[in-house]
Number of protein chains: 2
Amino acid sequence: MTNLQNDTFLRALNREPTDYTPVWMMRQAGRYLPEYRASRKTAGSFLDLCKNPNFATEVTMQPLDRYPLLDASILFSDILTLPDAMGLGLYFEEGEGPKFERTLREEAEIKALQVPDMAKLQYVFDAVAQIRKTINGRVPLIGFSGSPWTLATYMVEGKGGTDFLNTKKMAYARPDLLHHILETNAQTVIQYLNAQIAAGAQAVMIFDSWGGALSHNAYIEFSLNYMQKIVAGLTKNNDGRKVPCTIFTKGGALWLEAQAEVGADCLGLDWAVDISEARERVGDKVALQGNLDPAILLSTPAAIEKEVVSILASYGKGDGHVFNLGHGITQWTPPENAAAMLEAVRKHSQQYHQ
Amino acid sequence: MTNLQNDTFLRALNREPTDYTPVWMMRQAGRYLPEYRASRKTAGSFLDLCKNPNFATEVTMQPLDRYPLLDASILFSDILTLPDAMGLGLYFEEGEGPKFERTLREEAEIKALQVPDMAKLQYVFDAVAQIRKTINGRVPLIGFSGSPWTLATYMVEGKGGTDFLNTKKMAYARPDLLHHILETNAQTVIQYLNAQIAAGAQAVMIFDSWGGALSHNAYIEFSLNYMQKIVAGLTKNNDGRKVPCTIFTKGGALWLEAQAEVGADCLGLDWAVDISEARERVGDKVALQGNLDPAILLSTPAAIEKEVVSILASYGKGDGHVFNLGHGITQWTPPENAAAMLEAVRKHSQQYHQ
């Protein structure tokens, strides 16, 4: 393995001293980049792309090549590779979100659900290894998975959504069935992330995109408890070192205290919570990642700088903050505005690390 | 004016003693009721229905006639009557959400925006008066409006949404333009709610359906400040009495402390926050309304009763709680499950009011 030239991101996750606040951008390899759009033209469906390690490597490298101020890279993939490997039939329709051919609502089908053979996901681990080799130690590589609850919403609804009525109906009317899905998902995610770690992922992140749709009690029972199982099941890397883990429940800032107790190294924040309040609530238990509204990148460099300054000042002096967007960068972001954000973070964060 | 036979709801809003926890359901006149679907068959578009005081009265009465345990009624209308009166051209397409023919994005069009002549909304005030007369004092009648921010999102985007990228872009790149829209909306809402009060509304509610999409600072600046203006601009009713006002920011439970300071009598809660925590955070400044996840009504009477018991116990002893769903009742709710919820609230809440 190559020596890491920039470990600022990993140090911040471990709340160790850094010279500045490290930064990366959720979905930084994406449609806002003209080079990404050009690469997409020559390949197939989105799922085909995720299954192609050469393509995944190419587009993972694009933001790193364009933005030298990025402190981390993240595997180009999708959280829905897992339900796809579980046989639910993922497909993408033009102009719409992901859908599944099958949904999990009948008791017999739910009870037949099993942890898939990880060989079906070898393309992911191949991509991790190839990207890691190509990055050649410039910055760390993040692996990731969806959370058991978030994966379950797609598996039960058959698509993304906002209400999750079928999944919630199951949660209240037949919690035993939903727990079976969640337990299967959790065991799957543990194997999946550990294989990414073995392939070279230097940090991992669990995206709980839809945990924020739950009530306080339901969040603990159906989402957070399963993320805790995953964190406890993560293995060390090939060098025998612990790989830092970030959990991110979008819309979940009401529950930061509970999140801080599950053993994760870092909590992701969207933009709803003031980061000084978040820091006060979690104390020194975890690092924090976030929390710029990606919509701000649609405005002007001056407005972007002002918001970056505001978040850095709100976090205040000290380590343990990974700057990021509170959700994926939108496809309408002018690439120069992303650069303005990265420059503002580097320029204004150094004063807080002395 | 008829004497009010059941003032439990109004007393709870004022945090006065009651014998039990009053309850109503957001969107209680709606598609989950077969009698509502039957009434809809004979009329025109949704907007036509809102503009027909006879229809509004008929469907407002339906849940009251079916569920004697309801402690309040709410005007059948839509928050988008205001942008419609402002000339943006509201229409509904089959199977889709509301849309507008025009959007407000150009400076000249934004600066031309004005408070509409309330005569264009006379149908709303006529409906309030007719419903009030028909209810004949059984329970209080609630009037309502959208919040300035929520109305602005529809006016700028031209439709509902989840990202509000055009509105947020304006917020950060041209805040002066967005503030002009918000100020115009606030002055409009003040006139609109005061006319509803003059027509007989006995409580009012401001629905900030999309305030939860904002960052902490942006919420205060672009949403809460304008709701505060409205609360300060409300007039007394024809009997010289103050009309209680509830503000409800869906997804806004992170900001309850700030909401409790704007002069509203009650704060609406969705289901994300534990109501005991919410009560502790707002102290004795306001009453609280909520906070059952409407998805629970899709499960079973036993599961519904368990969740009702949990929320009542979480709020605990004392007054100042109006039980409600944390969002509108879904169209797939079995009407008997709504009855189970209402019965559970009445049965289990009396012990907390002694």
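Because the model is predicted, local features need pLDDT of at least 70 and side-chain atom pairs count only at pLDDT 80 or more, whereas totals for chains, interfaces and linings use all residues.

**Stop 1: both chains together**

The same surface serves both copies, since 100% of the contact residues of chain B recur in chain A.

**Stop 2: where the chains touch**

How many residues of chain B are in contact with chain A? There are 25, and they meet 25 residues of chain A. Two residues are in contact here if their C-beta atoms, placed from the backbone, lie within 7 Å. On the side of chain B that touches chain A, helix α9 (residues 165-173) of chain B gives the most, with 5 residues. Helices (H or I, at least four residues) and strands (E, at least two) are DSSP runs, numbered from the N terminus. By class, this side of chain B has 13 nonpolar, 7 polar and 5 charged residues. In that count, Ala, Val, Leu, Ile, Met, Phe, Trp, Tyr, Cys and Pro are nonpolar, Asp, Glu, Lys and Arg are charged, and the others, Gly among them, are polar.

**Stop 3: α9 and its neighbour**

Two packed helices are described by the angle between their axes and the distance between the axes. For α8(B) and α9(B) the angle is about 105 degrees and the axes are 8 Å apart; axes are lines fitted to C-alpha atoms, for helices over the stretch in contact, and angles run from 0 to 180 degrees between N-to-C directions. That makes α8(B) roughly perpendicular to α9(B). On this scale, angles under 35 degrees count as roughly parallel, over 145 as roughly antiparallel, 65 to 115 as roughly perpendicular and the rest as oblique. Show side chains for A152(B), T153(B), V156(B) and E157(B) of α8(B), then for N166(B), T167(B) and M170(B) of α9(B), which make the contact. These residues divide into 3 nonpolar, 3 polar and 1 charged.

**Stop 4: the sheet of chain B**

Now colour the strands of chain B. Seven of them form an open sheet with parallel pairing, in the order β1-β4-β5-β6-β7-β8-β9; two strands pair if DSSP finds at least two bridges between them. The edge strands are β1 (73-74) and β9 (321-325) of chain B, each pairing on one side only. Zoom in on β5 (residues 203-208) and β6 (residues 245-249) of chain B, which run parallel and are joined by 5 bridges. Within this pair, M205(B) stands opposite T246(B). Next, select helix α10 (residues 175-199) of chain B, which packs on the sheet and touches β4 (141-146) and β5 of chain B. The direction of α10(B) makes about 170 degrees with that of β4(B).

**Stop 5: α10 and α11**

Which residues of α10(B) meet α11(B)? They are L178(B), L182(B), A186(B), V189(B), I190(B) and L193(B), and they face F222(B), Y226(B), K229(B), I230(B) and G233(B) in α11(B). By class, this contact has 9 nonpolar, 1 polar and 1 charged residues.

**Stop 6: backbone details**

Select G290(A) and N291(A): the peptide bond joining them is cis, with omega about -5 degrees. N291(A) lies in strand β8 (residues 287-292) of chain A. In chain B, the bond from G290(B) to N291(B) is also cis, with omega near 0 degrees. Finally, visit N136(A), which has a positive phi of about 60 degrees although it is not a glycine. N136(A) sits in the loop between α7 (122-135) and β4 (141-146) of chain A.

Technical notes: Residues numbered from 1 in each chain as written. Chains lettered and ligands numbered in written order.
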